[in-house]
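Thanks, everyone. Please look at the sequence and the model on the screen, and then I'll walk you through a few places.

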Amino acid sequence: MSRRAAMQVSRLFNSTSTISQGSTFLKSTPMLGNRHRSSMASQDKAKSGADGKDDRGIVSSYWGVTPPKVRKDDGSPWPWNSFRPWETYTADTSIDVKKHHEAKTLMDKIAYGTVQALKYPTHLFFQRRHICHAMLLETVAAVPGMVGGMMLHLKSLRRFEQSGGWIKALLEEAENERMHLMTFLEVSQPKWSERALVIAVQGVFFNAYFAAYLISPKLAHRIVGYLEEEAVNSYTEFLQDLEKGLVENQPAPAIAIDYWRLPADSTLKHVVTVIRADEAHHRDLNHYASDIQCQGHELKEYPAPLGYH
């Protein structure tokens, strides 16, 4: 056998050995094996879906781990993916909705003046269209908690320190405001002009609030405190028009009944009442956060009021 032929035979044996080792590796590695089986199962289910059957089983598991089936107390399936039963609560409607933080310092006056300047254009645009006004309000109100929580999260990582629970408290606020929006979307759908306004306002407000939080967190929290005061006032006007019959007091959406644990026969008036209570809690939370920092302390020194709903 020539030297060249011997080298070709040697290469052939080496490639065969490599294939054998690769096959052994695939068989002995559970993760890769599961991934292969999962992909094949997805293809099989996709084919069955093409035949007119329900193909939602394709994404029902993650690497072989099937999500638990959540049910209500009566045994019926839990219908919501946006929240779970343990995230629901009964709103504290006994909170004082008329409380107001007096603007005495220069910082407070700047914050109060900023909110008042933002209030009039929205009132002029929406007039007495309370539901549309509420939807815009919630798209803005859900921004500060997310920005504040993100900034505190990064600060905690950067300084290797705990946050006193304030990260979670602010993210809870943002999530609660988002659920207000999800509730009103069940009642009315925004027009294209209102959707465009939301995109514009959110883009401007997010960046402006982010800059404000970088410069002065206590000013940022004070602005939100006053913003929530105006939200309470807006929902109070909403309730007054519901009582006068100027707005139809329709049945409460199912998502609101489950989220706030309301009676089955609740109406829009009950929904607006619990949302107003939420806004009053957000008002107090942000004024409290600003007061802590105005007195020269950091938020982490005072435990956050978690579960304040």
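Start with Cys132. Cys132 is buried, at a relative accessible area of 14%. Buried means under 20% relative accessible area, exposed means over 50%, and partly exposed is in between, with a 1.4 Å probe and protein chains only. Cys294 is partly exposed, at 36%.

A word on the source. This is a predicted model, where local features need pLDDT of at least 70 and side-chain atom pairs count only at pLDDT 80 or more, while totals for chains, interfaces and linings use all residues. Residues are numbered from 1 along each chain as its sequence is written, and side-chain values use heavy atoms, with hydrogens and water left out.

Now the annotated site. For "binding site", an unreviewed UniProt entry lists Glu138, Glu177, His180 and Glu279. These four span 142 residues in sequence, yet no two of their C-alpha atoms are more than 10.1 Å apart, so they gather at one spot. A caution: UniProt positions are in the numbering used here, feature names are shortened, and annotations may be inferred rather than shown by experiment.

Glu177 sits in helix 5, residues 166-185. Helices are DSSP runs (H or I, at least four residues), numbered from the N terminus. Is Glu177 buried or exposed? Buried, with a relative accessible area of 0%. Leaving out residues up to four places away in sequence, Glu177 touches Glu138, Ala141, Ala142, Glu228, Glu279 and His282. Contact means heavy atoms within 4.5 Å.

Glu279 is in helix 9, residues 268-294. Glu279 is buried too, at 1% relative accessibility. With that same exclusion of residues up to four places away, its contacts include Glu138, Glu177 and His180. Glu228 and Tyr235 are also among the residues that Glu279 touches.

Next, salt bridges. The whole structure has 11. The criterion is a side-chain nitrogen of Lys or Arg within 4 Å of a carboxyl oxygen of Asp or Glu. Glu230 pairs with Lys119, the closest N and O atoms being 3.7 Å apart. That pair links distant parts of the chain: Glu230 is in helix 7 (residues 217-244), Lys119 is in helix 3 (residues 106-126), and they are 111 residues apart. Both Glu230 and Lys119 are buried.

Lys300 bridges to Glu161, with closest N and O atoms 2.7 Å apart. Lys300 lies in the segment after helix 9 and Glu161 in the loop between helix 4 and helix 5, so the pair ties together parts 139 residues apart in sequence. Lys300 is partly exposed, at 27%.

Arg283 and Asp284 also form a salt bridge, 2.8 Å from N to O. Salt bridges that share partners join Lys99, Arg283 and Asp284 into one network. Arg283 is buried, at 1%. Asp284 is partly exposed, at 22%.

Last, the surface. Which residues make the nonpolar surface patch of about 340 Å²? Met150, Leu154, Leu157 and Phe206. Patch residues have over 30% relative accessible area and no salt bridge, and nonpolar side chains (Val, Leu, Ile, Met, Phe, Trp, Tyr) are joined within 5 Å, like charges within 9 Å. Areas come from the Shrake-Rupley method with a 1.4 Å probe; for residues, only the protein chains shown count as cover. Helix 4, residues 130-159, gives the most, with three residues. Phe206 lies in helix 6, residues 192-215, and is partly exposed at 34%.

Terms used
Helix = DSSP H or I, 4+ residues; strand = E, 2+ residues; numbered from the N terminus.
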